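Hi,

Here is the structure I promised to pass on to you. Have a look at it first, and then read my notes below.

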Amino acid sequence: MMTLTEQLLTVATTYGEAHKKPLSAVSRQFFNSGTRLGAIEDGGTLTVRSFEKAMQEFSEHWPSNVEWPSDIPRPSVAEGDKAPAA
């Protein structure tokens, strides 16, 4: 089973690959800091609230033409909040 950190980094990496963005750009978009995800990747921590908020934001902005990683629970998204296809 994946840790929450592994889940977050997998989702962030998959999102970045889909948008052709480096992890630092994804970090800037979702954490307002280009180094936050890198710090987490290097063993840094974040609060449960920050994890939940980030996963919800990823879910709401997920490109419709990319599958969410199947082994990671996806937060529900209201139909009107889904991102348009990229």
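The largest nonpolar core has 17 residues, and the members that touch the most others are Leu 8, Val 11, Val 26, Leu 37, Met 55, Phe 58 and Trp 68. A nonpolar core here is a set of buried Ala, Val, Leu, Ile, Met, Phe, Trp, Tyr and Cys residues joined through side-chain atoms within 4.5 Å, where buried means under 20% relative accessible area with a 1.4 Å probe, protein chains only. Two or more core residues come from each of α1 (4-19), α2 (23-31), α3 (36-41) and α4 (48-60); α1 gives the most, five.

The model is predicted: local features need pLDDT of at least 70 and side-chain atom pairs 80 or more, while totals for chains, interfaces and linings use all residues. Residues are numbered from 1 along each chain as its sequence is written, and side-chain values use heavy atoms, leaving out hydrogens and water.

Trp 68 is in contact (heavy atoms within 4.5 Å) with Val 11, Met 55, Phe 58, Ser 59, Trp 62, Pro 73, Arg 74 and Pro 75, leaving aside residues up to four places away in sequence.

As for the whole chain, there are four helices and zero strands (DSSP runs, numbered from the N terminus: helices are H or I, at least four residues; strands are E, at least two). Of its 86 residues, 30% count as buried. The C-alpha atoms fill a box of roughly 35 × 25 × 20 Å along the principal axes.

Enjoy exploring!

Key:
Buried < 20%, exposed > 50% of the residue type's maximum accessible area, 1.4 Å probe, protein only.
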